[in-house]
Amino acid sequence: MGDSWGNLHRANQSRTDICWRDTALPANDKLLTVGNRRSYGDVCINDGGVIVNATGLNKFIQFDAQNGILRCESGVTLWQVLKLVVPMGWFLPVTPGTGFVTLGGAVANDVHGKNHHAVGSFGCFVRSFGLRRSVEGDMTCSQVENQQMFAATIGGLGLTGTITWVELSLKKISHSSMAVESIAYENYAEFLALSEDSEKSHEYCVSWIDCLNTSGRGVFFRATHGQQGSLDDPVGTGARSVPAIVGTGFPLVNQLSLRLFNYFYIRSHEGTRDYSETIAKFFYPLDSLLNWNRIYGRKGFYQFQCVVPFDNADVLKKVLKKISNEKQGSFLSVLKTMGDITSPAMLSFCRPGVTLALDFPNRGARTTKLLSALETMAVEAGGAIYPAKDATMTGETFEKSFPRVSEFTDYIDPSYTSSFWQRVKSA
Ligand SMILES: Cc1cc2nc3c(=O)[nH]c(=O)nc-3n(C[C@H](O)[C@H](O)[C@H](O)COP(=O)(O)OP(=O)(O)OC[C@H]3O[C@@H](n4cnc5c(N)ncnc54)[C@H](O)[C@@H]3O)c2cc1C
């Protein structure tokens with residue numbers, strides 16, 4: 001299997017594990033610290049260098065349960081945080097679509113969730129963190145201490161050093177259930193109208209779109225934290241796992257299985273429904289099947305995620321049409337909007353607009369050609385590609401869509417690099 005979630009790369013890299021915050025880092029000028037390697041492409045890969053696996057930094061340091069301020073080591077996962085804090089009436093202020101992400105990874109990619117329109121990205125809730133640099137040693141970064149390094153490290157793709165601990169502000173909740181409404185829609189215009197309407201009343205909004213169907217049909221979900229029930233442990237991590245053998249063979253994903261899956265998914269969400277759901281089911285539906293990435297077989301898969309500004313949001317109609325014409329897209333794709341709350345990060349992917357994310361089984365040049373065409377469409381519309389998901393964007397695209405790259409470069413630790421960085425900077 002590969003070295004990141006997409007299983008596309010088999011890197012020539014050595015690995016060292018760290019379990020203590022004061023462990024000395026290896027003396028090497030090609031380091032990259034990684035978390036749970038839930039990034040799809042090559043931001044967590046360091047071909048020709050050393051990866052420093054920080055998942056052993058998994059200890060809680062301090063929790064102020066009155067004010068919801070949590071400090072823990074950077075290898076602690078979102079699931080571990082939730083198991084501790086939910087029964088005490090606290091929740092993550094922002095969470096991506098899997099709880100297996102570490103806090104270090106969440107900071108370094110400035111991840112976003114279903115509530116970006118309401119609260120912004122993960123970086124907006126980071127109070128401070130510890131950073132180990134190869135020359136300067138340990139430093140604390142916050143909005144008032146080493147501010148520029150703080151801004152460079154959030155969304156900094158692991159290039160500014162090793163994050164050893166993170167202090168985070170949590171969100172108060174009184175119940176662990178989610179009050180959810182699902183609404184079937186017929187086309188992209190309906191999705192935009194539903195988003196505009198729902199964002200006024202619901203903290204969480206997301207939609208699944210059937211990218212194999214030319215009409216643009218999908219299911220819109222809007223939710224708030226529930227107003228009844230208890231504060232239960234948010235259990236629900238996967239008990240089932242896709243066997244390793246599946247990942248070494250041919251993909252289980254084909255046009256027939258995709259069409260059937262998408263059809264039945266849409267059929268099972270016809271009309272409008274109100275229901276109550278657990279945190280696990282609402283935020284992390286894919287976590288119930290461990291190693292699901294193996295279904296794409298030994299060649300792995302790409303994920304494409306772009307965001308385009310609202311003014312040019314209609315370009316996504318063309319993007320979706322191209323995907324459905326090419327018949328390469330995979331299961332239901334995620335479509336949602338992002339709001340205008342600015343992240344402290346120099347390189348955040350998050351910006352106001354509409355974001356589309358979907359998987360593509362790796363079919364070699366046919367797939368990379370399509371990805372390149374989609375990238376061009378998104379970037380010409382003033383959009384950007386998400387580094388956490390990316391394995392193919394050009395250096396030109398990166399420079400154009402992340403305008404603070406040259407400022408960021410001053411904060412890179414000279415002993416750190418990544419395959420992503422080598423790719424976009426050597427172009
Ligand atoms: C099923 C699934 C759903 C997802 N949904 C979303 C979503 O909704 N929104 C979203 O934003 N993302 C989403 N992602 C992407 C994921 O949130 C990010 O890729 C996240 O950064 C992965 O965290 P990780 O701990 O696995 O880090 P890794 O993938 O191991 O590393 C990610 C980056 O962080 C750096 N890094 C990690 N730990 C440290 C550290 N201690 N010090 C310094 N740098 C470090 C690495 O160098 C790398 O650049 C999803 C991924 C999956 C698999």
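What span should the 16 residues of helix H9 (residues 365-380) have at 1.5 Å a residue, and how far apart are its end C-alpha atoms? The expected span, which is 1.5 Å times one less than the number of residues, is 22 Å, and the end C-alpha atoms are 22 Å apart, which agrees. This is a predicted model, in which local features need pLDDT of at least 70, side-chain atom pairs count only at pLDDT 80 or more, and totals for chains, interfaces and linings use all residues. Residues are numbered from 1 along each chain as its sequence is written.

**Helix H9**
- Leu370, Leu374, Glu375, Ala378 and Val379 are the buried residues of H9 (buried means 20 or more other C-beta atoms within 10 Å of the residue's own, exposed 12 or fewer, with C-beta atoms placed from the backbone).

**Sheet**
- Five strands form an open sheet in the order S4-S5-S9-S7-S8 with antiparallel pairing, where two strands pair if DSSP finds at least two bridges between them and strands are DSSP runs of E of at least two residues, helices runs of H or I of at least four, numbered from the N terminus.
- Strands S4 (60-64) and S8 (137-142) stand at the edges with a single partner strand each, so one side of each is left without a neighbour in the sheet.
- Strand S7 (residues 126-133) runs antiparallel to S8 and is joined to S8 by 6 bridges, and Ser128 stands opposite Ser142 in S8.
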